[in-house]
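Me: I want to learn how to read a helix and the backbone around it. Can we work through a case?

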Amino acid sequence: MASVLNTVYSISLSSNPLRNPQLYAPPVSLSFSRRRLVVKATETDTDEVRAKAPDKAPVESGSGINQILGIKGAKQETDKWKIRVQLTKPVTWPPLVWGVVCGAAASGNFHWTLEDVAKSIVCMLLSGPFLTGYTQTMNDWYDREIDAINEPYRPIPSGAISEDEVITQIWVLLLGGLGLAGLLDVWAGHNFPVIFYLAVGGSLLSYIYSAPPLKLKQNGWIGNFALGASYISLPWWAGQALFGTLTPDVIVLTLLYSIAGLGIAIVNDFKSIEGDRKMGLQSLPVAFGTETAKWICVGAIDITQLSVAGYLLASGKPYYALALLGLIAPQIFFQFKYFLKDPVKNDVKYQASAQPFLILGLLVTALATSH
């Protein structure tokens with residue numbers, strides 16, 4: 001639920017979001033000697049973590065809105081609570097929240113009653129502020145060396161927040177999210193705590209995505225697919241499990257849709273090419289070069305959705321298939337208008353323009369599976 005639930009609206013809207021699987025995972029070890037524990041796990045000296053941002057950091061020219069949303073172009077902030085919110089990257093919450101909506105719609109059992117609405121809101125809190133916030137904070141912790149190269153004025157590499165405070169935030173969000181997942185299982189009357197185990201699985205996926213020794217993000221293909229599944233499949237499964245029953249066909253369909261999430265994840269790799277290359281991360285733009293990677297990116301997004309439209313048509317649901325095709329067309333338009341021209345400069349413009357159509361396509365697919 002990483003994220004069970006890592007929005008579909010921004011499946012990539014964030015500038016940094018998609019570099020962390022939406023799901024969640026515990027930091028390194030259960031030991032409570034926090035400072036030593038984490039420093040050892042990441043093999044980074046305290047001095048490196050607290051290194052001050054260079055004088056050229058855009059303190060005054062940055063945006064306060066970007067700071068709260070947790071995207072690039074943020075101004076430097078001294079208020080600790082604003083910094084804490086920034087680390088959770090609220091801009092990445094919508095895709096997971098939307099995933100819950102899609103899952104509830106696919107169940108066919110959601111009703112506009114006070115209880116069902118309350119359940120869905122709790123599930124959204126679980127997926128967004130708690131587990132996605134946990135995932136994003138943890139990812140920033142393990143990315144601090146890369147951020148020191150790409151964006152040295154970010155909260156952790158600049159020393160705006162202490163390592164103890166970061167570790168505390170990671171644990172509070174993780175444990176709070178798992179607690180909400182257990183509550184939802186009890187509320188839904190589950191004999192098997194499916195939502196809790198989805199949250200645990202998402203947490204572990206987040207951990208091995210960001211943390212050594214596995215650090216899935218070092219491999220562009222595996223890491224980005226894990227990220228796509230976190231943003232699409234897991235929140236959908238959580239929403240559907242809350243109001244109905246998961247079925248094998250839905251599991252396969254959402255995993256297929258996660259290939260589009262892989263493409264969305266690649267969009268966020270272009271801005272970090274320099275840091276990824278220096279840190280030995282084999283993102284697709286690093287491995288294949290900008291030109292090839294941008295076509296891999298749009299191909300994964302478009303071919304996946306066209307395949308799903310074909311599946312809906314073959315399943316005897318032509319109107320849903322046509323609706324999905326109508327939502328794919330503007331995405332292709334914005335790919336040529338923004339992304340393919342300059343994937344580094346226009347990544348945010350492209351995501352803001354195209355991703356709303358992708359997430360609406362997810363809802364169309366969810367509604368199709370419910371009938």
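Me: Which residues of helix H4 (residues 80-88) are buried?

Reply: Start with the general idea. An α-helix has 3.6 residues a turn, so residues three or four places apart point the same way. Now the case, in a predicted model. The buried residues of H4 are Ile-83, Arg-84, Gln-86, Leu-87 and Thr-88.

Me: Which helices do the buried residues of H4 pack against?

Reply: They pack against helix H3 (64-69), helix H5 (93-107) and helix H6 (114-142). Helix H8 (155-158) and helix H9 (163-188) are partners too.

Me: What does a side-chain oxygen of Asp-79 reach at the start of H4?

Reply: The backbone nitrogen of Trp-81. The oxygen of Asp-79 comes to within 2.9 Å of that nitrogen.

Me: And the backbone after the helix: which residue follows H4?

Reply: First the general idea. Most residues other than glycine have a negative phi, and most peptide bonds are trans. Here, Lys-89 follows H4. Lys-89 is not a glycine, yet its phi is positive, about 50°. Lys-89 sits in the loop between H4 and H5.

Me: Is Lys-89 buried or exposed?

Reply: Buried, because its relative accessibility is 0%.

Me: What is the phi of Lys-215, and where is that residue?

Reply: Its phi is positive, about 40°, and Lys-215 is not a glycine either. Lys-215 lies in the loop between H10 and H11. At 14% relative accessibility, Lys-215 counts as buried.

Me: Is the peptide bond from Pro-212 to Pro-213 cis or trans?

Reply: Cis, with omega near 10°. Pro-213 is in the loop between helix H10 (194-210) and helix H11 (220-231).

Methods. Residues are numbered from 1 along each chain as its sequence is written. This is a predicted model: local features need pLDDT of at least 70, side-chain atom pairs count only at pLDDT 80 or more; totals for chains, interfaces and linings use all residues. Side-chain values use heavy atoms; hydrogens and water are left out. Buried means under 20% relative accessible area, exposed over 50%, partly exposed in between (1.4 Å probe, protein chains only). Helices (H or I, at least four residues) and strands (E, at least two) are DSSP runs, numbered from the N terminus. Contact means heavy atoms within 4.5 Å. A polar contact is a pair of N or O atoms within 3.5 Å; within protein, one must be able to donate a hydrogen and the other to accept it, and residues adjacent in sequence count only if both atoms are side-chain atoms.
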